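Welcome, and please load the model in your viewer. We will go from stop to stop, with something to select at each one.

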Amino acid sequence: RLSAVKFVMPILVTPEYVEPVFRGLVGVIDVDDGPTAEQISVLKTISTHLWGRDDLVVAKASPLDPEALAQALLDPAMRRRFSELMFTLEMCRHPLTDTQVTRAEQYSAALGSSPEQVSIFRTQIDEGVARAKADFDRYFDAMVLDRTEPAYRTKVVSLTTPDPELIARVEAMHDLPADTLGYALAQFHVRYGFSTPGTDVSPNTYLYLAHDMIHVISGIAPSGPGEIALGGFQMAMNDNSVNTFSFLSPMVIHEAGISTIDDIVSTEHTLARPGAADLLGSSLARGAQCTGDFAFIDHLAVAHLPLEEVRAKYGVVPPDNPDDGNHYW
């Protein structure tokens with residue numbers, strides 16, 4: 001059985017910083033002809049779901065310029081979190097413009113907190129999508145090991161053929177009791193038409209295994225909006241560099257449409273789809289309520305346990321509407 005763990009829930013933006021962060025983000029997106037409808041929608045859902053501030057309105061907010069924001073945000077953690085949200089909104093402008101990228105760079109320079117991977121947007125503007133894709137792929141490859149299922153980390157670089165041991169191990173989960181995590185994973189693959197992990201040859205095979213486990217435990221479906229929402233859930237669950245990249249990577253693939261990984265189809269404007277921004281906001285809020293980070297655990301070691309027990313250990317609360325088509329609950 002799983003024992004309880006003590007975990008400090010990350011608060012992405014503490015209450016006293018919410019308003020300056022919001023006003024700074026309004027300043028970031030107030031370029032060209034003003035914020036786009038998608039940027040406004042995403043910022044609204046973040047302020048409502050994650051901060052509980054439905055009183056904040058983009059059109060009524062007084063923007064903070066980079067220098068004023070830097071004076072208001074002295075906490076390095078708050079600066080980094082502002083940057084994460086800033087680049088989320090930057091990706092929600094279509095088409096991405098030099099004006100938008102430059103404005104984000106001005107805020108980064110003032111705060112001194114620019115995640116390295118987001119330089120792909122400057123590359124995209126200056127050198128084109130193909131070069132930006134190459135930059136992103138390099139960043140993604142550097143994160144593969146940390147995002148891989150722990151039991152298989154030594155095999156990541158050597159996988160050149162299907163892995164019959166992994167295939168047999170996952171297929172055996174169909175025989176586990178119906179309430180277990182392992183059985184839920186096996187049914188997850190059937191429901192969404194995914195091949196059994198280990199069948200397809202890819203350096204990301206064991207990353208996908210861990211990723212699918214995170215889908216199952218969080219209860220978020222693997223659609224385009226769901227992939228972005230899952231990344232947001234992870235970042236809010238534990239705001240470290242790997243979980244942050246787990247959010248930025250589906251944003252790059254499914255929102256910016258810059259890159260693809262294996263046979264994943266890139267898309268754009270995903271957060272403009274009906275309900276997608278709200279799904280992200282509610283998933284950020286659910287992730288922030290977790291009492292532990294289950295992204296990096298040995299999922300196979302707990303596959304025999306009831307899924308309800310695994311969720312309870314990490315404080316995973318149910319979505320408001322588990323039957324809305326965006327969840328696997």
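Contact here means heavy atoms within 4.5 Å. Helices (H or I, at least four residues) and strands (E, at least two) are DSSP runs, numbered from the N terminus. The model is predicted: local features need pLDDT of at least 70 and side-chain atom pairs count only at pLDDT 80 or more, while totals for chains, interfaces and linings use all residues. Residues are numbered from 1 along each chain as its sequence is written, and side-chain values use heavy atoms, with hydrogens and water left out.

**Stop 1: helix α9**

Select residues 181–191, which make up α9. Its buried residues (buried is under 20% relative accessible area, exposed over 50%, partly exposed in between, with a 1.4 Å probe and protein chains only) are Leu 181, Gly 182, Ala 184, Leu 185, Ala 186, Phe 188 and His 189. Now show α8, α10 and α14 (307–313), which are among the elements covering them. After α9 comes Gly 193, with a positive phi near 70 degrees.

**Stop 2: Asp 212**

Move on to helix α10 (residues 205–218) and pick out Asp 212. Which residues does Asp 212 touch, leaving aside its neighbours within four places in sequence? They are Leu 185, Phe 188 and His 189. Asp 212 is buried but has no salt bridge, a salt bridge being a side-chain nitrogen of Lys or Arg within 4 Å of a carboxyl oxygen of Asp or Glu. The nearest side chain of opposite charge is Arg 147, 9.8 Å away; for charge, Lys and Arg count as positive and Asp and Glu as negative, with His and the chain ends not counted.

**Stop 3: the nonpolar cores**

A nonpolar core is a set of buried Ala, Val, Leu, Ile, Met, Phe, Trp, Tyr and Cys residues joined through side-chain atoms within 4.5 Å. Select Val 21, Leu 25, Trp 51, Phe 82 and Phe 121, the residues with the most contacts inside the largest core, which has 62 residues. Centre on Val 21: beyond its neighbours within four places in sequence, Val 21 contacts Val 13, Trp 51, Leu 73, Phe 82 and Leu 85. A second, separate core has 34 residues, including Val 170, Leu 279, Leu 305 and Tyr 314.

**Stop 4: α4 against α5**

Show helix α4 (residues 76–91) with helix α5 (residues 98–111): they pack at about 180 degrees, their axes 11 Å apart. Axes are lines fitted to C-alpha atoms, for helices over the stretch in contact, and angles run from 0 to 180 degrees between N-to-C directions. The two helices are therefore roughly antiparallel, a term for angles over 145 degrees. Among the residues that meet are Phe 82, Met 86 and Phe 87 in α4, and Val 101, Ala 104 and Tyr 107 in α5.

**Stop 5: salt bridges**

How many salt bridges are there? The count is 9. Select Glu 84 and Arg 80, whose side chains meet at 3.0 Å, N to O. They are separated by about one helical turn, because they lie 4 residues apart in α4. Glu 84 is buried at 4% relative accessible area, whereas Arg 80 is partly exposed at 31%.

Definitions and conventions
Parallel < 35°, antiparallel > 145°, perpendicular 65-115°, else oblique.
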